[in-house]
Amino acid sequence: MDDYDLLVVGSANADLVIGVERRPGAGETVLGSDLAVHPGGKGANQAVAAARLGARTALLARVGDDGHGRLLLDSLRAAGVDTVGVLVGGAPTGVALITVDPSGDNSIVVSPGANGRLTPGDVRAAVSLFHASRVVSTQLEIPLETVVEVVRNLAPGSRFVLNPSPPRPLPTEVLAACDPLIVNEHEAKVILGDACVSDAPEDWARLLLAKGPRSVVVTLGAQGSLVASSSGAVTRVASVKVDAVDTTGAGDAFTAALAFRLGAGAALAEAAAYASRVGAVAVTRKGAQDSFPTAEEVDAV
């Protein structure tokens, strides 16, 4: 039996959040709410979201030896995440500066800090975690060469899930391992580049498949998502209608839930439908990790 349902390799940040009436334009200053500090980062968010759902979860990440790092470690452990792979030191903990408007939409600027010091050598040193994990999930808030090393250290029979955020062109080696590649509209267009010759999400999914992933999921916010298998078949998955309060971390909750359900044997469309319910609960609450639901709360949706 695998020791972990999910190993997340990725970032851990302190989220510094300010509410604004509207997000500022270039050269503009706006007043906002009191500063709130929350544990975040796409890697830590995914790990906490999966653990809240009942997944046996480990995180491979790096934080600073500072107050923000301790905040993150406390949050991870409280959620039930195994932090044996969380390395400490080398740089200050990463920070995300987040503004949230009244509709719940957000804008984010990330200072990677210690996340930028998570190296391919750290991945190789944690090979035992990879061999003990059913599914491995990562993002792009850590160095791309580290993501490449993750792919090279996957255990036989394990499944690799990638949310390429923030988006950038990806090596063929990484794309070929994705099962699935999970993208939103912006990420799809960046990865497709000149190949994005259509405004139809169904076409994006097929064009992305042609780049080599074994499967693709395109998230469309309130419009649900699309899943595309290696056969080229594209299936639309409906969203759950809710009144959004804060979308921060919702994509991370979706990815974590989908990865967990895939590891449990669910088909891709079934896993995406479950992930949509998880994301729907998350956007009705403020914050990232504080918003992630338990399995019982998802079942009630």
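Biologist: In what order do the 4 strands of the open sheet with mixed pairing stand?
Modeller: This model is predicted, with local features needing pLDDT of at least 70 and side-chain atom pairs counting only at pLDDT 80 or more, while totals for chains, interfaces and linings use all residues. Residues are numbered from 1 along each chain as its sequence is written, and side-chain values use heavy atoms, with hydrogens and water left out. Helices (H or I, at least four residues) and strands (E, at least two) are DSSP runs numbered from the N terminus, and two strands pair if DSSP finds at least two bridges between them. On that basis, the 4 strands form an open sheet of mixed pairing in the order S3-S2-S6-S7.

Biologist: Which are the edge strands of this sheet?
Modeller: An edge strand here pairs on one side only. S2 is joined to S3 by 5 antiparallel bridges and pairs with S6 in the parallel sense over 7 bridges, while S6 (residues 94–100) is joined to S7 by 6 antiparallel bridges.

Biologist: What angle does the direction of helix H2 make with that of S3?
Modeller: Axes are lines fitted to C-alpha atoms, for helices over the stretch in contact (heavy atoms within 4.5 Å), and angles run from 0 to 180 degrees between N-to-C directions. Helix H2 (residues 67–79) packs on the sheet, where it touches S2, S3 and S6. Its direction and that of S3 make an angle of about 60°.

Biologist: How many residues does S2 give to the lining of the second largest pocket?
Modeller: On a 1 Å grid over the protein atoms alone, a pocket is an open set of points where a 1.4 Å probe fits, with protein on both sides within 12 Å along at least five of seven lines, and lining residues have an atom within 4 Å of a point. The second largest pocket has a volume of about 330 Å³, a volume being the space filled by probe spheres set on the points, which are joined across faces, edges and corners. Of its 16 lining residues, Val17, Gly19, Val100, Asp246 and Lys286 are the closest to its centre. Strands S2 (13–19) and S3 (36–40) are the elements that give two or more residues to this lining, and the most comes from S2, whose number is 3.

Biologist: Why is helix H5 described as largely enclosed by the rest of the structure?
Modeller: Buried means under 20% relative accessible area, exposed over 50% and partly exposed in between, with a 1.4 Å probe and protein chains only. Among the buried residues of H5 are Leu144, Val147 and Glu149, and what covers them includes strand S1 (4–9), helix H3 (120–125) and strand S8 (133–138). Helix H5 (residues 144–152) is largely enclosed because its buried residues number 7 of the 9.

Biologist: Is Ala155 buried or exposed?
Modeller: Ala155 lies in the loop between H5 and S9, and, leaving aside residues up to four places away in sequence, it touches Phe130 and His131. Because its relative accessibility is 11%, Ala155 counts as buried.

Biologist: What is the average twist in the open sheet of 9 strands?
Modeller: This sheet has mixed pairing and the order S5-S4-S1-S8-S9-S10-S11-S12-S13, with S5 (82–88) and S13 (234–237) as its edge strands. From one strand to the next, the twist averages 15°.
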